[in-house]
Amino acid sequence: MNEKNNKIRKDSEALRDFLNQFEKHDKTYWISQISAGCMVPRYTVLNWAKGLTRIQALFKQKIEEIIGQEIFDRITEPE
């Protein structure tokens, strides 16, 4: 269980670090882009960044496709 929580924490930190490098306006833009691309509400993206919910592998791939860079670890994870 602790290993799973560490993975969730690392993923949320990666997304949060990406978003925090921008000013408020640009951060809002990227949250909107990720939300639209993953077809989830904005609050889900915010929950991912805060570590409140797990980012599923499919969404991680989509997020990296949207932002144009790899931010998540490439360790195979059980679903």
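**Exercise 1. Is Ile71 buried or exposed, and what is its relative accessibility?**

Solution. 
Step 1. Note that the model is a predicted one.
Step 2. Locate the residue. Ile71 sits in the segment after helix 4 (57–67).
Step 3. Read its accessibility. Ile71 has 19% relative accessibility, so it counts as buried. The cut-off for buried is under 20%.
Step 4. List its partners, leaving out residues up to four places away in sequence. Ile71 touches Ala14, Leu15, Phe18, Ile63 and Glu64.
Step 5. Ile71 and Leu15 are 56 residues apart in sequence. Their C-alpha atoms are 7.2 Å apart in space.

**Exercise 2. Find the residues with the most contacts inside the largest nonpolar core, and the elements that give two or more residues to it.**

Solution. 
Step 1. Take the size. The largest nonpolar core has 17 residues.
Step 2. Pick out those with the most contacts inside it. They are Leu15, Ile34, Trp48, Ile63 and Ile71.
Step 3. Assign the elements. Helix 1 (2–20), helix 2, helix 3 and helix 4 each give two or more residues to this core.
Step 4. Not counting residues up to four places away in sequence, Ile63 touches Leu15, Ile34, Cys38, Trp48, Ile55, Ile71 and Phe72.

**Exercise 3. Describe the surroundings of Trp48.**

Solution. 
Step 1. Trp48 belongs to helix 3.
Step 2. Trp48 touches Ser12, Leu15, Ile34, Cys38, Val40, Thr53, Arg54, Ile55, Phe59 and Ile63.
Step 3. Take one of these partners. Leu15 and Trp48 are 33 residues apart in sequence, and 7.6 Å separates them in space, C-alpha to C-alpha.

**Exercise 4. Work out how helix 2 and helix 3 are arranged.**

Solution. 
Step 1. Helix 2 covers residues 24–38, and helix 3 covers residues 42–50.
Step 2. Read distance and angle. The two axes come within 8 Å and cross at roughly 110°.
Step 3. Classify the angle. Angles of 65 to 115 degrees count as roughly perpendicular. Helix 2 and helix 3 are therefore roughly perpendicular to each other.
Step 4. The crossing of helix 2 past helix 3 is right-handed.
Step 5. Name the residues that meet. Helix 2 brings Thr28, Ile31, Ser32, Ile34, Ser35 and Cys38. Helix 3 brings Arg42, Val45, Leu46 and Trp48.
Step 6. Sort this contact by class. It has six nonpolar, three polar and one charged residues.
Step 7. Zoom in on Ser35, in helix 2. Ser35 is buried because its relative accessible area is 8%. Neighbours within four places in sequence aside, Ser35 is in contact with Val40, Pro41, Arg42 and Val45.

**Exercise 5. Repeat the analysis for helix 2 and helix 4.**

Solution. 
Step 1. Read distance and angle. The axes of helix 2 and helix 4 come within 10 Å and cross at roughly 130°.
Step 2. Classify. This angle makes helix 2 oblique to helix 4.
Step 3. Helix 2 passes helix 4 in a right-handed crossing.
Step 4. Name the residues in contact. From helix 2 come Trp30, Gln33, Ile34, Gly37 and Cys38. From helix 4 come Phe59, Lys62, Ile63, Ile66 and Ile67.
Step 5. Sort by class. The contact of helix 2 with helix 4 has seven nonpolar, two polar and one charged residues.

**Exercise 6. Decide whether Met39, Lys60 and Glu13 are buried, partly exposed or exposed.**

Solution. 
Step 1. Start with Met39, in the loop between helix 2 and helix 3. Its relative accessibility is 75%, so Met39 counts as exposed. The cut-off for exposed is over 50%. Check its backbone too. Met39 has a positive phi of about 55°, although it is not a glycine.
Step 2. Turn to Lys60, in helix 4. Lys60 has a relative accessible area of 4%, so it is buried. Lys60 and Cys38 are 22 residues apart in sequence and 9.3 Å apart in space, C-alpha to C-alpha.
Step 3. Finish with Glu13, in helix 1. At 29% relative accessibility, Glu13 counts as partly exposed. Glu13 and Val45 are 32 residues apart along the chain, and their C-alpha atoms are separated by 13 Å.

Terms used. Residues are numbered from 1 along each chain as its sequence is written. This is a predicted model: local features need pLDDT of at least 70, side-chain atom pairs count only at pLDDT 80 or more; totals for chains, interfaces and linings use all residues. Side-chain values use heavy atoms; hydrogens and water are left out. Axes are lines fitted to C-alpha atoms, for helices over the stretch in contact, and angles run from 0 to 180 degrees between N-to-C directions. Helices (H or I, at least four residues) and strands (E, at least two) are DSSP runs, numbered from the N terminus. Angles under 35 degrees count as roughly parallel, over 145 as roughly antiparallel, 65 to 115 as roughly perpendicular and the rest as oblique. A crossing is left-handed if the near helix is turned anticlockwise from the far one by less than a right angle, and right-handed if clockwise. Contact means heavy atoms within 4.5 Å. Ala, Val, Leu, Ile, Met, Phe, Trp, Tyr, Cys and Pro count as nonpolar, Asp, Glu, Lys and Arg as charged, and the others, Gly among them, as polar. Buried means under 20% relative accessible area, exposed over 50%, partly exposed in between (1.4 Å probe, protein chains only). A nonpolar core is a set of buried Ala, Val, Leu, Ile, Met, Phe, Trp, Tyr and Cys residues joined through side-chain atoms within 4.5 Å.
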